[in-house]
Amino acid sequence: MKPSAFRFGPFELNVREHLLLRDGSAIPLRGKLFDTLRVLVENAGRLVTKEELLQAVWPDTAVEENNLNHSISLVRRTLGEPATGQAYIQTVPRIGYRFVAPVVRTDAATLLAQEAAQAPERQQIRFCNAADGVRIAYSITGKGSPLVKSANWLNHLEFEWNSPIWRHWIRELSHRHTLIRYDERGNGLSDWNADQLSFDFMLGDLESVVEAAGAERFALLGISQGGAVAAAYAARHPDRVSHLVLYGSFARGWQLRDDPQDVESRKALATLIRLGWGNEHLVFRQLWTSLYIPEGTPEQWEWFNEMQRISTSPDNAARLFDHWGRIDVREMLAQIRVPTIVFHCEGDAAVPFEEGLRLASAIRGARFVPLPSRNHLVLAEEPAWKLFLEELGRFLGWHSSVQAGGVKAL
């Protein structure tokens with residue numbers, strides 16, 4: 001029986017369903033592009049001549065070789081191949097192409113069953129009220145010892161669920177923990193019309209979510225701006241936090257750093273936010289996307305572009321960006337007494353690598369782990385993601401029977 005599904009790298013090609021998935025998320029690849037990839041994957045390891053490809057993809061139409069070259073180029077972009085590399089498709093000059101990545105052949109039903117087994121259960125989205133009455137949306141997924149993720153700038157619980165940027169984070173953490181996430185005020189499913197967006201209210205929102213979810217003692221994950229909130233919470237509530245995980249974070253906002261040129265450039269970005277946030281002009285949105293995931297694929301860029309548009313309003317985005325720029329938790333760091341690990345990507349342009357070093361050095365006993373990536377958010381296909389999971393698992397004791405605590409009234 002001819003296989004109808006294939007796995008290679010983070011991808012799944014379901015021929016029967018005419019569907020390409022990356023880490024469980026569908027990637028738009030229609031018509032002749034899908035057929036071009038299908039023929040190459042079905043003949044993985046074998047040189048497929050240009051004549052064979054043209055006949056297989058355009059059996060009843062006479063087309064020029066340029067059509068095939070263009071299709072190959074677009075397929076490579078979809079797979080995220082480096083501009084000068086051939087991680088999946090090898091060109092044999094003047095002859096044809098060879099699919100060189102290892103391929104696992106199976107049937108579509110098995111592929112779908114495997115994907116279903118890997119995917120976390122559907123999230124439970126709930127709401128609680130902050131101290132000032134602002135409604136905060138939070139979600140609970142997975143089973144096991146609780147892990148709370150503080151909100152970062154740009155969140156949307158529902159839109160993140162199957163995204164190519166966050167899906168691997170949610171899946172891996174939900175497999176090992178009861179994962180509690182929430183949308184910050186002014187973002188996503190939480191109230192957008194919040195009068196107060198200051199740091200103190202952000203910290204209060206985390207406290208409200210923890211109480212509403214019934215988390216008594218838990219590991220706490222803070223990403224980007226959420227790392228400062230998580231650090232402040234750990235300093236204020238050492239009895240509640242078993243482990244503190246900070247990723248791509250900082251202790252002082254961009255307005256307080258000793259780099260006048262960087263401050264001026266971010267002030268310019270703040271102006272662009274007010275003028276063009278949510279605008280349909282792709283160039284503006286791509287500016288932010290290139291800052292956060294410069295090594296992303298076209299599909300990942302498209303998702304992040306759309307995330308900007310739906311996550312919050314232009315006014316809220318500008319206000320939040322301004323408040324995050326004035327964060328200063330440096331004096332609180334010395335009060336942290338819980339085990340702490342700090343991750344930071346070496347080429348991060350959104351939050352400078354040096355800020356991660358400063359953060360780790362100010363927390364007693366904190367371990368610092370540099371990640372080999374230029375992205376602010378590590379993507380599933382990067383070697384840095386595997387390293388992150390290995391170090392995080394060692395820190396949180398994924399291979400130990402010791403649990404961090406319990407969650408009541410979930």
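Grid points are joined across faces, edges and corners, and a volume is the space filled by probe spheres set on the points. This is a predicted model, where local features need pLDDT of at least 70, side-chain atom pairs count only at pLDDT 80 or more, and totals for chains, interfaces and linings use all residues. Residues are numbered from 1 along each chain as its sequence is written, and side-chain values use heavy atoms, with hydrogens and water left out.

**Exercise 1.** Find the cavities and describe the largest one.

*Solution.* 
- Step 1: searching the whole structure turns up three cavities of 30 Å³ or more.
- Step 2: the largest cavity has a volume of about 140 Å³. Its lining has 15 residues, and Gln 225, Trp 254, Arg 266, Phe 321 and Ala 350 are the closest to its centre.
- Step 3: sort that lining by type (Ala, Val, Leu, Ile, Met, Phe, Trp, Tyr, Cys and Pro are nonpolar; Asp, Glu, Lys and Arg are charged; the others, Gly among them, are polar). You get ten nonpolar, three polar and two charged residues.
- Step 4: check the helices (DSSP runs of H or I, at least four residues, numbered from the N terminus). Both α10 (282-292) and α12 (314-325) supply at least two residues of this lining.

**Exercise 2.** What volume does the second largest cavity have, and which residues line it?

*Solution.* 
- Step 1: the volume of the second largest cavity is about 100 Å³.
- Step 2: its lining includes Asn 152, Trp 153, Trp 166, Gln 225, Tyr 292 and His 376.
- Step 3: by type, this lining has seven nonpolar, four polar and no charged residues.

**Exercise 3.** Work out how long helix α7 is and why it counts as largely enclosed.

*Solution.* 
- Step 1: α7 covers residues 199-213, which is 15 residues, and reaches 21 Å from first C-alpha to last. That is close to the 21 Å expected at 1.5 Å a residue, where the expected span is 1.5 Å times one less than the number of residues.
- Step 2: just past α7, Gly 214 takes a positive phi of about 80°.

Terms used: 1 Å grid on protein atoms, 1.4 Å probe; cavity = no way out; pocket = protein on both sides within 12 Å on 5 of 7 lines; lining within 4 Å. Buried < 20%, exposed > 50% of the residue type's maximum accessible area, 1.4 Å probe, protein only.
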